[in-house]
Amino acid sequence: MPEAADDAVKPEGEGEAPAEAEEKPAEDDEALPEGEEGVHQSQEITGLFLLHPETTVAITGTDIVFTAKVDSTTLSRKPTIKWLKGKWLDLGSKAGKHMQFKETFDRATKVRLWKWIIKVVPGDAGAYRCEVTSKDKCDSSAFDISVEGNLSLCPLSSSRGPLSFFLPCLLLLSFTHRKKKPVVDEEKADVWEILKNAQPSEYEKIAFEYGITDLRGLLKRLKKMKTVEPKHSDAFLKRMESAYSVDKGKKIVLQVEVVDPNAQVKWLKNGQEIKPSAKYIIESIGNIRTLTINKCSLADDAAYECVIGEEKSFTEVFVKEPPVTITKLLDDYHVVVGERVEFEVEVSVEGAHVNWSDQELSRDSHKYRFKKDGLKHMLIIQEASLDDIGMYWCFTNGGRTKGELEVEEKELEVLQNIADLTVKAEDQAMFKCEVSDEKVTGKWLKDGVEVVPSSHIKLTHIGRIHRLTIDDVKPEDAGDYTFIPDGYALSLSAKLNFLEIKIDYVPRQDPPKIHLDTTGNMVSQNTIIVVAGNKLRLDVEISGEPPPTVVWAKGDTANILLLAITAVEGRVRTENRKDLSCFVIEGAEREDEGNYSIIVTNPAGEDKAHLLVKIVDVPDCPENVKCTSVGEDCATMVWEPPKFDGGAPVTGYLMERKKKGSTRWTKLNFDVYEGVTYEAKRMIEGVLYEMRVYAVNGIGMSQPSLNSKPFMPIAATSEPLGLKVHDVTDTTCTLKWLAPEKIGAGGLDGYVIEYCKEGDTEWVVANTELVERQTYTVRNLPTAEKINFRVVAVNIAGRSPPTGLTQPVTIREIVELPKIRLPRYLRQKYIRRVGDKINLTIPFQGKPRPKVQWYKDGEELDSRVASVRNSEVDSILFIRSAERSHSGKYELVLQIENMEARAILEIRIVETPGPPEVVKVTDVWGFNAALEWKPPKDDGNCEITGYTIQKADKKTNEWFTIYEHNRRTNCTASDLIMGNEYMFRVYSENLVGKSEDFCLISSMPTYNPPPFKEKDMQSAPKFIQPLLDRSVVAGYTTAISCAVRGFPKPKIRWLRNKIPLDENPRFLMQNNQGVLTLNIRKPSQYDGGKFTCKAINPLGEDVVECTLLVLWCTLPQVY
């Protein structure tokens, strides 16, 4: 709500605006372009204002305050406010002494208050708008400001402004020439004409006066209607263009042409004067002024001005950056869910801007991270998911690259399964399993019910190993135990058997007996399989009375004892109890594999049992991985199976590849591949790759094989293009062709040319070695036979498809008329200096090979004069050192049987001319001397183009050039000193240069000047400009003037009404080179009359008169 600080007046009938006032839509003259409606509808128009700014009428010079309130309780973000004048002028940037903006916030009521304080001036009148926005909500309120001036008038007598001096005269003119002011019919006023004739500062005032709401649209139409006449410049003949464009690092020259060749100019860059330096070179040549900017950078992208006085020539320079190229392409990635992916690309310019994907990825997303490191740009996906599968693009303004991301579901591998246990009372039972991912958690179940940890049962998870430990086993602990990893459809189960011991007293002796449990790790009876690195604990129940003695042994057969195991500590040990014997192997190794025997004896007898312990492990790595063949984007790999399969059959292989020099391996398959030959696809041609292979069995995955030798996917080139016959003789045929359209990364080693007779199918190779050029002559062909030809391109990948002629070629020479192709520069006179080397090559054509003959001036050319060398297609004329005797007309004649061709060329050998002859002085006058001479006898075999004349004073003997390139045989030497003796010398010049010798004259006739007669300049006074009658306003200083001449200088007298003015201080008399001026200071009505000016000298006198009328200014009365 506006609050007038002083005398602001609120218009009658306008109260407080309602809170739910609706903003009227602007009546634009031009409809919105198609597609822009959605932009304006992206924010919902709602009533946010609690208090609207109101329309106000203010007095010039007063302060008024406009207030707006908004309730921010329901807003998710802090609202922003804009104060606008008209539809587009934002007043936020104009804050200062004239305008102030304040904002307050009440935390209790969540109400925001904005105030706009303005000191009113006449230009503030107009339509205004207050706009509030918050995320997807907005509201606006329109209001007007009317400005009225102060109606009090100051007395005319107190005015001391700039017009006070001219006010009496202006009032007089308005009084004497008062006309009736025409009344403007406001209804018929043409707003277009008013705007076209108005200044830009008056546009808003006119819009407010005539109720124009869309001033911006109106000004756009007005700009189209206005025709701007070109402004004539008094300083510039040619200005700079409006804009220039230059590549970064290049040079640009800004040039203007000025009217005055002596004018001084200043060059400005963004308003700052440019000083000359190595980067900015300022030159002035005649009327041309240039500014040269060397090695343009982005800092030189600016506005430039050339200033001469008050006039300027303006232009803008736009610096274009060179295209950013990609030097390192994106790699393809094959990962599992949850792994980190890092796409990396390298560009040619450090700090360049790159875009990722077809639409730039959101830089606010927590999933994607962008990183720059010098020339490297990286896109990082912290945890890959199935939604990230696809092709990722990286774009620069000079290229693009792509990389594919493949994400597979994570598979959990069981490295060690749970084993069945059989324990007796009060023993400890421990289930252990090992999975491939150490981050995987899980839960334990007993008979389908989740196991709860307690002091009796403990659950542990260390790295990849999960354990369930039961202390003091009881009968109720027996059952099926299952481990289920979280997030995987997988379960590991094992059984806990409780060994219940019953002791019956038997007075008699029982023979010993071994009770083997064939469940658990036994895959077949008496065979135990153990994974390498795991622990083997074999509990064997024994019985017998008295308690038997137990011996464990390792041997190849059950009958031969090789080694008895008696250790009770260590990696391989035995633990014996009353009715139980335990055989323990900690961390099973391959050497532990073999046949084991347990022998129990007591007085009642003996019992034996034989066991086969089989150690299984991951296989060895595959061997001899190599590439057997390559294609454009594929390669075939073979390898040999591992020598040792780990005790379990190899189920397949996993392959990986990487680019040479890179450290990142890409998986080629996630499912096990059973063969030993694999075709790797989707590779980039011309890039070196390496591969390695893993072997997989039921236990796990082997170590990787050695890297294969680097190989490069390449393909043969496409077929050569445009095969055609260039020349045919009786035994040869010359072929020409173009390079293949597609060469590829394998390059091009050369071409193979093949031919066969028409009707045959056997092609004969014409060249024993590859031909690198795209032309070849096939020789030793049978005459008059029809031969087919074809050409094949060869590179490291092999032969390309052949390209051949559409029809066979008949081997027969074709007669061709002789023709000389004389070069253009030899069709006119060929001029060379003495001593120059002459080497002229003149091509010709004709079949069979023509006979060549040279003639000079109609006679056969002597080999001592010039050397001639002929080939099948041209003739060369060679002169090692040219002499003047070599000048003349040379004729080349070609003959084929009775056919003939001729060509004539004229050679002229020139040198410097001789000196002129007979230099003499023909006349001397004043400071001048006239010279004449004769042309030289030897003109150097070409026309004399001019003469150089020099002079020397005999006192100093220093020579100075008077004329250069003087074409006549005479000249006039000026600026000589009277009384001094001079020497003159003349050089002759021709096309070659100046003559080496000169012609000298060392004496000249004496000059006798004619007698001087002084002219009589005396004359009587005479006025050449009379006095003119005039009228002046009383109180304003005036002057009258005239002009007189006469010698001796006349005496001047001024009279008013025949009364001398010699001693009157109100009259100032001046005489400037015969111009006479009488200044009258503030004349009154009594100073008018007839003014007379007299000029007197001894030879006579002259008089002029004029009448001066002084007008009195009478002010009209003001009521």
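1. Start with a charge and a ring. In this predicted model, Lys658 lies over the face of Trp665, and the distance to the ring centre is 5.4 Å.

2. The structure holds 24 aromatic pairs. One of them joins Trp639 and Tyr653, with 5.5 Å from centre to centre and 70° between the planes, an edge-to-face arrangement. Where do these two residues sit in the chain? Trp639 belongs to strand E49 (residues 635-640) and Tyr653 to strand E50 (residues 650-659), so the pair links distant parts of the chain, 14 residues apart. Trp639 is buried, and Tyr653 is buried too.

3. Compare that with Tyr755 and Phe789. Their ring centres are 6.3 Å apart and their planes meet at 45°, so this pair is tilted. Tyr755 is in strand E56 (residues 750-757), while Phe789 is in strand E59 (residues 786-795); the two are 34 residues apart, and the pair links distant parts of the chain. Are these residues buried or exposed? Both Tyr755 and Phe789 are buried.

4. Rings can also gather in a group. Phe66, Trp83, Phe101, Trp116, Tyr128 and Phe143 form one aromatic cluster, which you can pick out one ring at a time in the viewer.

5. In soluble globular proteins, nonpolar side chains tend to be buried together. Here the largest nonpolar core has 23 residues, and Trp854 and Ile907 touch the most other members. Strands E65 (838-847), E66 (851-856), E69 (874-879), E70 (888-896) and E71 (899-910) each give two or more residues to this core. Which strand gives the most? That is E71, with 5 residues.

6. Stay with Trp854 for a moment. Leaving aside neighbours within four places in sequence, its contacts include Ile842, Leu861, Val868, Leu877, Leu892 and Leu905. Glu860, Asn870 and Ser875 are also among the residues in contact with Trp854. A second, separate core has 22 residues, including Leu291, Cys306, Ile308 and Val319.

7. Finally, please check the confidence as you read. The chain averages a pLDDT of 82, and 85% of the residues score at least 70. Over residues 1-45 the pLDDT is below 50, and this stretch has 62 contacts in the model beyond near neighbours in sequence. Residues 151-188 also have a pLDDT below 50, with 13 contacts beyond near neighbours in sequence.

Technical notes. Residues numbered from 1 in each chain as written. Predicted model: local features only at pLDDT ≥ 70, side-chain atom pairs only at ≥ 80, totals over all residues. Heavy atoms only, no water. Phe/Tyr/Trp six-rings, centres within 6.5 Å; stacked < 30°, edge-to-face > 60°. Helix = DSSP H or I, 4+ residues; strand = E, 2+ residues; numbered from the N terminus. Buried < 20%, exposed > 50% of the residue type's maximum accessible area, 1.4 Å probe, protein only. Lys NZ or Arg CZ within 6 Å of the ring centre and 35° of its normal. pLDDT = per-residue confidence, 0-100. Contact = heavy atoms within 4.5 Å. Core = buried A, V, L, I, M, F, W, Y, C linked by side-chain atoms within 4.5 Å.
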